[in-house]
Amino acid sequence: MFMKIGSDLRPSSIQPDPMCPDVHHVMSISQETSDIYTLKLQPTERREAVRFAPGQFNMLYAFGVGECAISISGDPTVNNVTEHTIRRVGLVTGTLGSVRAGDSIGVRGPFGTPWPMDQARGRDVLLIAGGIGMAPLRPVIMDVLANRENYKELTILSGSRDPEGILFADELLTWKKQPGVDSKVTVDHADSRWNGNVGVVTTLVNRTVKDPKDTIAFVCGPEIMMRYAVTELQKNGLGKDQIYLSLERNMKCAIGLCGHCQFGSEFICRDGPVFRYDRIEFWLNQREL
Amino acid sequence: MTHSRYPELSEHAFFAGLDNAAVAAIQSCARDCHYATGNWIARQGAPADDLYFIQDGRVAVVFPAPQRELTIQTLSAGDIVGWSWLMPPHEWQFDIKAVKDCSMMGIDGRSLRAKCEQDHHLGYALMKRLSRVMVDRLQATRLQLMDVYENRK
Ligand SMILES: Cc1cc2nc3c(=O)[nH]c(=O)nc-3n(C[C@H](O)[C@H](O)[C@H](O)COP(=O)(O)OP(=O)(O)OC[C@H]3O[C@@H](n4cnc5c(N)ncnc54)[C@H](O)[C@@H]3O)c2cc1C
Ligand code: FES
């Protein structure tokens with residue numbers, strides 16, 4: 001099912017086409033939790049460095065099976081290696097989870113709007129992640145740590161279902177040790193062997209925001225959790241224009257042509273996935289959209 | 001004045017908007033409490049005579065299910081724990097355990113209840129504040145029960 005390195009989907013004379021996947025070589029696959037894994041990929045044919053901005057996504061293609069949108073979870077300062085952290089939920093994510101180092105998959109991208117790192121400069125940065133929502137926020141953390149002088153305090157609030165499901169658990173501990181960085185983890189379900197926080201991630205927002213006027217919040221996770229997070233952030237003094245969310249909808253083309261990802265007046269692949277809250281507030285509050 | 005022992009507590013959000021006399025009435029029922037990690041603060045079914053303001057550390061609200069203990073939520077500095085003292089049958093509904101060394105201000109619920117009976121303004125003000133805490137907790141618990149990290153299958 002997976003192509004071997006060196007095989008090509010198209011003649012090299014053809015210009016890059018956003019609908020045509022580039023063949024990428026799987027450098028490694030590592031298990032993060034029981035249902036989440038990370039792929040490290042490298043292009044086999046592109047000469048120029050593949051650059052992305054935190055928050056962008058690629059369309060990953062399991063040959064002969066299908067394609068899905070996956071955020072880039074790696075270091076934005078490292079060229080030509082792309083990391084994707086993926087939760088097995090269905091056919092494509094399940095198939096991609098069975099690749100081995102040396103296999104090849106197709107990659108289109110990067111696509112979409114990034115987290116507004118320029119807006120975060122000189123401010124406190126508050127990241128709120130639920131479950132796999134940590135994946136698109138990891139490049140933000142790496143960018144802040146690589147350019148520490150550009151930002152004030154970095155706070156990472158991470159929620160997961162149970163202690164076994166905490167994504168990037170070791171890294172969260174390492175990041176917390178960096179100056180000006182705090183990370184708090186909470187789980188929804190635990191027995192008495194767990195001494196950490198129990199409760200939804202939005203309960204951590206209280207007493208986290210120190211200087212609401214000078215804070216920017218990036219939120220990613222299940223949509224219902226993001227809505228509660230927005231409420232808590234607003235209660236703590238953040239304005240709608242200080243809150244950014246990353247949204248998900250089913251995608252096909254990823255370039256604003258097919259309409260599969262339409263969300264009210266927005267196309268999530270083209271106008272998002274990262275939106276300032278006030279831009280999508282109306283649509284987010286419509287039922288069944 | 002008893003309330004001068006807890007100067008920072010008059011700045012607690014819970015007390016916001018209460019007049020000085022009401023704050024003093026609450027604080028006159030207050031004492032310092034410390035629980036080391038692993039100690040039980042309350043047990044389900046036991047008489048509930050206390051309201052706690054957590055100043056430091058972390059407590060777990062635990063449901064004692066057969067053969068295992070399920071932690072429903074944890075609370076930490078700035079949070080309030082315990083409202084069973086206010087409503088009959090005045091018994092703890094859950095176990096409360098210190099999961100990280102805890103310093104708290106404990107309020108004697110029986111004295112406070114008596115004060116609320118005498119002074120309905122105080123009783124109403126307290127009831128409003130505690131209801132708000134309860135509603136916030138209920139909302140959070142609902143979200144927790146939705147199991148939002150499960151597959152959307
Ligand atoms: C911009 C964007 C970025 C994304 N980034 C990531 C990422 O970094 N990591 C990641 O793991 N996923 C990410 N996703 C979600 C991912 O695209 C879907 O999980 C994927 O399309 C599922 O494809 P599938 O064929 O495996 O499952 P399908 O066969 O399409 O679906 C199988 C079952 O899983 C359910 N399902 C589908 N999508 C999701 C979902 N997102 N969450 C929970 N259940 C779902 C379906 O309802 C269905 O019941 C992103 C989506 C978007 C739009
Ligand atoms: S996926 Fe086709 S328009 Fe967005």
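Analyst: A residue counts as buried when its relative accessible area is under 20%. In this predicted model, Phe14(B) falls in that class, and Phe53(B) does too.

User: How many aromatic pairs are there over all chains?

Analyst: The count comes to ten.

User: What makes Phe282(A) and Trp283(A) an edge-to-face pair?

Analyst: Take the distance, then the angle. The ring centres of Phe282(A) and Trp283(A) are 4.9 Å apart, and the cut-off for a pair is within 6.5 Å. Their planes stand at 80°, and over 60 degrees counts as edge-to-face. Therefore Phe282(A) and Trp283(A) are an edge-to-face pair.

User: Why is Phe282(A) called exposed?

Analyst: Its relative accessible area is 53%. The class begins over 50%, so Phe282(A) is exposed.

User: And why is Trp283(A) called partly exposed?

Analyst: Trp283(A) has a relative accessible area of 24%. Buried needs under 20% and exposed needs over 50%.

User: Why is the pair of Phe14(B) and Phe53(B) edge-to-face?

Analyst: The centres of these two rings lie 5.4 Å apart, with the planes at 75°. The limits are within 6.5 Å and over 60 degrees.

User: Which residues do ring pairs link into a cluster?

Analyst: Trp115(A), Phe218(A) and Tyr244(A) are linked this way.

User: How do you know that the charged end of Arg43(B) sits over the ring of Trp40(B)?

Analyst: The charged end of Arg43(B) is 3.7 Å from the centre of the Trp40(B) ring. The distance limit is within 6 Å, and an angle within 35 degrees of the ring normal is also required. Arg43(B) is listed as sitting over that ring. Arg138(A) likewise sits over the ring of Phe168(A), 4.8 Å from its centre.

User: Where does ligand 1 lie, and between which chains?

Analyst: Ligand 1 lies between chains A and B. Around this ligand are 20 residues, with Ala69(A), Thr85(A), Arg87(A), Thr93(A) and Glu248(A) the closest.

User: What makes the approach of Arg87(A) to ligand 1 a polar contact?

Analyst: A polar backbone atom of Arg87(A) is 2.7 Å from an oxygen atom of ligand 1. The limit for a pair of N or O atoms is within 3.5 Å, so this counts as a polar contact. Val89(A) has a backbone N or O atom 3.3 Å from a ligand 1 oxygen atom. Gly90(A) likewise has one at 3.3 Å. The protein covers 79% of the 900 Å² of accessible area that ligand 1 has on its own.

User: Which element gives the largest share of the shell around ligand 1?

Analyst: Strand 5 of chain A, with four residues. By class, the shell has eleven nonpolar, four polar and five charged residues.

User: Why is Thr186(A) called buried?

Analyst: Its relative accessible area is 1%. That is under 20%, so Thr186(A) is buried. Thr186(A) lies in strand 10 (residues 181-187) of chain A. Its side chain reaches the backbone oxygen of Asn197(A) at 3.4 Å.

User: Why does Pro18(A) count as partly exposed?

Analyst: Pro18(A) has 41% relative accessibility. That lies between the 20% and 50% limits, so Pro18(A) is partly exposed. Pro18(A) is in the loop between strand 1 (3-4) and strand 2 (22-33) of chain A.

Notes
Residues are numbered from 1 along each chain as its sequence is written. Chains are lettered from A and ligands numbered from 1 in the order in which they are written. This is a predicted model: local features need pLDDT of at least 70, side-chain atom pairs count only at pLDDT 80 or more; totals for chains, interfaces and linings use all residues. Side-chain values use heavy atoms; hydrogens and water are left out. Rings of Phe, Tyr and Trp (its six-membered ring) pair if their centres lie within 6.5 Å; planes under 30 degrees apart count as stacked, over 60 as edge-to-face and the rest as tilted. Buried means under 20% relative accessible area, exposed over 50%, partly exposed in between (1.4 Å probe, protein chains only). A residue is near a molecule or strand if one of its heavy atoms lies within 4 Å of it. A polar contact is a pair of N or O atoms within 3.5 Å; within protein, one must be able to donate a hydrogen and the other to accept it, and residues adjacent in sequence count only if both atoms are side-chain atoms. Accessible areas come from the Shrake-Rupley method with a 1.4 Å probe; for residues, only the protein chains shown count as cover. Helices (H or I, at least four residues) and strands (E, at least two) are DSSP runs, numbered from the N terminus. Ala, Val, Leu, Ile, Met, Phe, Trp, Tyr, Cys and Pro count as nonpolar, Asp, Glu, Lys and Arg as charged, and the others, Gly among them, as polar.
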